[in-house]
Structures are given as C-alpha cells and as structure tokens.
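Hi,

Here is the structure I promised to pass on. Have a look at it first, and then read my notes below.

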Amino acid sequence: MSEQTSGQEMAAAVVGMAGRFPGAGSVSELWENLLEGKRSVRRFTAEELREAGVPDDLARHPSYVPMAAALDDIELFDAEFFNVPSSEARLSDPQQRLFLETCWAALEDAGHPPGRFDGRIGVFGSSSISTYLLGLVAAGEELPPDGISYPLLLGNDKDFLCTKVAHRLGLTGPAVTVQTACSSSLVAVHLAVQSLLAGECDMALAGGVSISVPQQTGYLYREGGILSPDGRCRVFDASANGTVRGSGCGVVVLRRVDDAVADRDRVSAVIRGSAVNNDGADKVGFTAPSAAGQVEVIREAVAVSGLPANAIGYVEAHGTGTALGDPIEVRALATAHAADGDPPKACHLGSVKANLGHLDAAAGVTGLIKAALVLREQVIPGQPDFTAPGPGIEAHLDHYRISAEPVRPVSPVQAAAVSSFGLGGTNAHVVLAAPPVAEERPAPTGTHLALLSARDAEALAVLAAELRDWLADHPDARLDDVAFTLSDGRTDFAARTALRAGSVSELIGLLGTVASGGTVPDDPAAAVWLAGGQLDPEAVGDRTHARRVALPGHPMRRRRHWIDVLPGHGSATAPRSPAAAPHLEEQVREVLTRMLDAPELGPDDDFYDQGLDSMRAVETVTLLRDTTGLPLSFEEFDGLRTLSALVEHLTASAGAATPDSAARAGTDLPPSTLPRAADAHRHLLSRIREGSAPGHVFMVPPAGGTIAAYIDLSRHMGDERTLWALTHPAGKPGRHRSVRDLARLYTSLVREVQPQGPYLLSGYSFGGSVAFEMAAELERDGERVERVVMLDSHPPEAYIGGTADSSAFLAAFPTLVGQILPGTTSEHDADAPAARSVEEVIERIGDPTWSEAMKAELAGFFHTWQDNHEALKRWFPDRRLDADIVVLAAEQEENRAIMRALDIRGTERGLWTRHCSGRVDVLHVPGDHYSMIRDPENIRRLGAAVDRALRP
C-alpha cells in the first residue's frame, strides 16, 4: 500500500462520504439506484400541488410541468442529538439542518467523529437560496414588524451554513461557505484540498446542500430556457431539451493521503488535482457557458494531477441535458484532453443529473461521490434516457463512450474526473485516481471485542439491529475491522454494551440479542469502559491488520420542526396604538409563548429560566412594543422577568402612553441607571466574609450553583478584602442559562457593590469560565479587571462541541455524589435498568438517614449541574482578556468516568493563554478536581494558594 502512495504525498484521499438524495437516504442507496438506472424525478398529483400552494389555474396551464426530484422528510430533524433548541430548529432552513446531519454522518462513515480526531477539522460547503425563509417572509410568519429577526437570519442566511456546523460539532479548522452557483460544492472540494495541503486543517468536510420549499411544485416551461418541457433530463442525447430541479445533500471527508494510510482509513478515491477559474467576459452572455474557460480549467486540473489525460477512464460531466450546454462541454473536454497529444482511447461519460435532476449547490459534490464510487467499485452506471448522441457530440465518440447500461471495464479505471460549471462562469474540475491497492492480509484470529454505544437504551437497540443487518449483507466483513472501527472510530455515548465474539456470525447473534432487548455475557475487559472509563486498546483483540470500515452510524431520532406557511397568509401588521390593545394580557402572553416556545408559560415563570437568551430578549422587547403600542425598555423587561410582573408594568404604562412613546422606549435611559435585573436577583450575591481592608473579591459558583465550598475555603484564606459569593438563580430543569447570560446577570450584581474597577474575580471549575466571561463583559464596558483566579477550570476547548444527553448525566451522577459527599456509595447494580430520573438515582445511592429535604436538594443540584455543563458545551470566548489569569490546577488527574460520560476532553490548563492577552500563570495545588477543595488538608493549602494568586 505504501508503494501505491508514492508520489501522492500532495494528494487528498476521500475517506468518508454521506448524503441524502431524491429516492436515496444514503450514499449506498444512491449507488444502487444508479446501477439500476433509476430516475428519481416524479410527477406530483393535483392534491400535492394544491397542498403546496400552487393555484389550480397555474397547475392546469399547458406549459406547467408538475415534476421535480424531491427529497423526503425535510421537515424532520434530530434537534436533541445536536443540542439545538426546538425554537431554533423550527426557524432554521432545512438546508442548514440537513447539512449538519450529513457532516456528522460523513465523519462517522470515515471513522473519525469530531471528539475522537486528534487534529483540526475544516468544513467547506455551499447551499442554495433559502426558499424556506422566502416563504416565511412572504407570509409574515415569525417576523417582527420591522423585518427579519436575528435568529431567523442566523438560521437561514448562507453565510452561517459552515460556521453552524463548526459550532455544533466543535470543529476548529477553517469554516468557509462557498457560493459560485451550480459549481459551489465542487469549488468547496477544491478549497478543502488546498486547505489540507497548506496545513490549515488535518481533515476537511466538503459538500453542498440544496432544498427547494415547498418540494411538491413544478415549473412553467419556457422555450429556450434551461428547464425541460417533460421533466426528463436527457444528457448527451439527441433529444436533450433541458434539465429538471432536484433537492439533495452530499458531503465528503478528505485527508492527506499519507495521513489516511497511516490511520488505516478506508480510501474510496484519491484527489490528484483540481482547478477553478472563471469565463470572464469572452462569451455570449453572463449565464452562457464558455468553451475556452472549460478547456483551461480542465487542462490545469489534469496538469496539477500529474496524470496523463489518457489515464482518465471516466468523466462525470456537468451535463445538464441542454442542446447548447452539452455539446460545448464535450468539445471542451476533448480539446483539453488532446492538448498534450495523447487523449483517452475510450473514456466513458456520464452525468448524475439524468437520475436526480439538477441539485444546484449540491450538484458538484454529488458528481464527485459518483466518480469516487466508480473508481472504488470499478463499475460505470448507465445513462438513463440515452438513445443516440446529440449533434456536436457524435464527432467525439472515437475517444468517448456513453452507455445506457452499466459497464464493467475490461481494464481497471485508473482515474476519473468531475466537472462542474457555475452559472456566471466559475468552473471547477477535479481529477481523481483509484484508491491504493490493498495489501493481502491474514485472516483475523482470536476473539474481538465489539463496542457499541448510543445516547440511550432505545438508540442502542436500533444501532445493534442496523449493525446486525449490515453484517448479514456484507459476508466478507472482517471481525478485526469491525472491532477496530467501533473502538477507535465512534463517539462514546452513555448507553453501552460490549460484545466478545470469535467470528462475524457469532457477533451477528449477539447483536440480535441486544436488538431485542436481551442480555449478553459480561466481559471483564470492558468493565471500565462500560462504567464510563477508557478501554485498554489491547482488550479489543489483535488490531495488527485491522482497517477502518464504513459501519452504520448513530441512529437519528428525527422529529418535525417546521413552520407551516398557509397560502395567502397575511403579512406583518403595523404597530398598534395603545388604544387598539384591549386585551393586554392575551397579547403579552401570545408574544412570550411564541418567542419562548413555551405554550404553558406560568404567570410567575422567569423568562430566562424558560430558555430566553439576550439576543431573543431584544427581539421580544421589540415585538412587545410594536404589538401593544406601549413603551418598554430592555432594562425594564430584564428586571420584570415574569408574565405577571410584565403585564402589571404595561397596564400601569397604558394610561400614560402617547402615540410616539413606544418609539422612544429604551433609548433615553440615563447612563447611570443600574439594570433592574439586580433588583430581582440581589439575593444571589452573598457576603461570606467581611473584610478589614478596602476592596472586594467576587467568587462565582461551580457547576451545581452552591457556595458551600467557598464558605469553607474562606476560613483558610488570609486575604483581608471582603469576600462575596454568587449563587445560581433558581429555575425549572432543562431551561438553560448560557454562560454569557449568567455573566451579564452576575456582573450587574457585582457592579452594585463595586461600581468601578479594578475588579478581582474568582471561580471554581464552571465558575472560572463564568468569571472569565464576566471579566470580558466588564472590559467591554471600559472597566479594568485586575485578575481572574480560576480553581481548576477547564479551558473552553475541553467542552465545545461535546455531546452528553440526560442519560449520560444520570449515569455519571452517582460518581459525582461519591466525590462531593465522602462515604456515599457510587456503586450500583450493573444488571439494573438505566435510571430514568434523578430521583430514581438518588433512591438507589441514597443513605437511609437522608431526609426528603436532602433528596430534594440533591435533585435540584443535579439539574443545575447538568444545565451548567450543557452551557459550557455551547460557550466559547469571543474576545481575549486584557486581565491576568491565574489557574490553580489540581495535581492529580480528574475522574475519568465523569470526563468520558460528559464528553469532556482532557486539556492542559495552559490553553487559557489562547484567550488572554495578559499574563497566564498555572500553579499546581494538591488533590484532584474534587479533593482539592474538599479534603481538609488540601483546602487549607488551596486557601494559601488563593491568597498568593490574589496578590498584586
């Protein structure tokens, strides 16, 4: 295999692929459809057209073509899996949601999920115009009266397609959205390869997505246009007369070839060269193709590849099936290949648009996926609807072949190429080589351990069933490959099982048992992993000759997240005057339940405990002012916080309101006025020790929100300034406050005690992260922060992009309780079913002496602890601090079971230097993450260390 990669050090390997296409929910289903010659364009019924809002008179028009290649289930999305709030999911373009899911699936297909890959992952992608957004705008749905809201913009604008993926998956390489019309996703592939070779990232996702909403609509045929009069795309055919619209998504995973070989990746093809250019002005018109531009880009890509043109045995063409475009493309291809005097002898041509229609921003990558499959499988699919070559194409068939039936070449296809030409003239061409020839391997020996994990028991059973079926369909699968991929190429979730097998058939039987809810024999070698720890790689079995294989990924549990737009729905209404609002409470409730996605909002429920963040709070205030016609400032809203308080305030304002008072609301608040949020939350700030010297030290609570540890720590501190401690605000479980929201609230409280800097802030674990964000908030306001003292706080890189569902927190909670309440057992019956609530966990581990109040306190602590950790997984600093940071880091390693269960990466505390322009000192203190602040001797030494850290 190493000999095969000689000379390919500057090439990129395709190591993973994923997608959803018309009539195909995966790449493997797409390949089956291509081999069968299936066309996925379908005709819509009159009822489907009517439901999609197509007027009957338009549907009956003789030129109306009620056909498209639609994508199934675009309204469904697994928001919980990606930790996306339901309200955000509903507002998001299905293109963004599908692209996120497909990127995850592609990384799983590659055997390199984000949390397991040691390197930077980039993401390069493209999407079509958001017709979902256009439908909402046209109908006035989800819009404030003054235009598009910020959440709606973030969820629908093309600019955020790739950065959303990077944020949700924790990817730290370049995140670049590419927009060159139809060629966008192949240009994205080109840029991804360049980024890899430049060392900007170590792995790259590249692809595109295109979804038209509504799906079940056709188009009016116009003679001379690009669209077909009968919904068929006859590429290269004598009767070619246009293309048809399609929706889909495709993503490939790319790595440098030497890295892929070293990591034993499955290589489907190798990108040897690529090029991008533009036609410029030398053509008939802006939207017309240019043979000169196409010739140049093809020649450049072939030259970069280092392969002779006669090595190319297949070209996946742009091929739109138009009488103008197809002949120009074939002529340009032939000219480019002949430029060096040795054109291909029998190069096959094809275009996936004949099967799927034109996928717009996803077209190029879909063609690349097909070409990679041709090289890997050594079969060339037939071209649907091809009967005879069109004018201008027949003359080139001495070097090129077009077949309506699948072809298995006599000689292996050594190389393939893909073209994608964008409306407006941006052309892209990619040259691929066949994957390296795999060396012969001895058959696997001995037993192997297959590790399966999922978010919960239900998903684990589904995963087991899918893997069982996959193995049954792949009789040549090797047991060592399967075990290696499952151990090194999958994210470890909370629900786990380990299956020891000596053959694939034995593993199939064990998987069937898990799929049906049965029990399997325990394997002592997996005990630590099953408890949330790390597995000794040797326990998996002999991995000497194992390679990564494409196995079923984590099952998605998709639910409907969609805003239905009714045809003819009205547009946004103008702001009302106060006199036009007789039912004030109903109006306010309607706005709040809509913005909070909380239909059962109680009169005394805190908005921020219901999931409101600062950005949506601004939108909410604007909508309230315009709906009620009453003045309301953001500061007033932030201090009122509940439905009853807000209605009371607005009712009192109604009598004094003037027609223009709403417009002035929130703009004339005196700068010296403190936020009223402090009024409602002043009890969260407690003085735990009166100082004898000027100045204050503010301590931010750790995950869980309690300050008991700080009270004990204060007894061992000699610093003479007044010591204050903040506690976490109460709220309903699952209604998370972000790190930034907490920081803003805490900062308003701190400034009531100390209006001006310099400030001293400190926090243990989670509290250190919030203290950092408080310092950033103060510095934004022009205040000086002298120092932030962190007690073993992980840098944000440890959390960002991690995933842990409720079952993971429940599984880890007994271990945590054992750490913070010495003498409490964290052991539990391994055969017992997973706990479904924290109350159930507490009953299992509880001491008989615990009172009901104690149990309730622990349950409340659990919910805050979970909320705080989930907030960390969504937080990353947006600026560097000028203040100094001192990190008091525990000498001993943190509990691995908790780290693994909560998907927290082990990171050096020194990484805080990435986020600070000031000085960062890391000082070690005795104990681990928990005993450093709970062991009597350790906390005494910690107190002295905090004193030293607080000194100038």
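Where is the place of P214? You'll find P214 in the loop between β8 (203–210) and β9 (219–220). (Helices, H or I with at least four residues, and strands, E with at least two, are DSSP runs numbered from the N terminus.) The peptide bond leading from V213 into P214 is cis, with omega near -5 degrees.

Before you go on, two notes on how to read all this. This is a predicted model, where local features need pLDDT of at least 70 and side-chain atom pairs count only at pLDDT 80 or more, while totals for chains, interfaces and linings use all residues. Residues are numbered from 1 along each chain as its sequence is written, and side-chain values use heavy atoms, with hydrogens and water left out.

Back to the backbone. G757 and P758 are also joined by a cis peptide bond, with omega about 5 degrees, and P758 sits in the loop between α26 (739–753) and β23 (759–764). Most residues other than glycine have a negative phi, and most peptide bonds are trans. N83 is not a glycine, yet its phi is positive, near 60 degrees; look for N83 in the loop between β5 (76–77) and α4 (86–91). Q378, not a glycine either, has a positive phi of about 60 degrees and lies in the loop between α14 (363–377) and β14.

Next, some strands. β12 (residues 312–316) and β13 pair in the parallel sense over three bridges (two strands pair if DSSP finds at least two bridges between them), and E316 stands opposite G350 in β13. To get from β12 to β13 the chain passes through helix α12 (residues 325–338), and this β-α-β crossover is right-handed: with the strands pointing away from you, the path from the first strand over the helix to the second runs clockwise. β13 also pairs with β14 (residues 400–401), again in the parallel sense, over two bridges, and there H348 stands opposite R401. In β13 (residues 347–350), C347 and L349 point one way and H348 and G350 the other, and all are buried. (Buried means under 20% relative accessible area, exposed over 50%, partly exposed in between, with a 1.4 Å probe and protein chains only.)

Now the inside. The largest nonpolar core has 90 residues, and L791, F813 and W865 have the most contacts inside it. (Such a core is a set of buried Ala, Val, Leu, Ile, Met, Phe, Trp, Tyr and Cys residues joined through side-chain atoms within 4.5 Å.) Apart from it lies another core, of 79 residues, including Y132 and F421.

Finally, the aromatic rings. There are 12 aromatic pairs. (Rings of Phe, Tyr and Trp, the last by its six-membered ring, pair if their centres lie within 6.5 Å; planes under 30 degrees apart count as stacked, over 60 as edge-to-face and the rest as tilted.) Y132 and W562 have ring centres 4.7 Å apart and planes at 50 degrees, so they are tilted. Y132 is in helix α6 (residues 131–139) and W562 in the loop between β19 (559–560) and α19 (584–596), so this pair ties together parts 430 residues apart in sequence. Y132 is buried at 3% relative accessible area, and W562 counts as buried at 14%.

Enjoy exploring!
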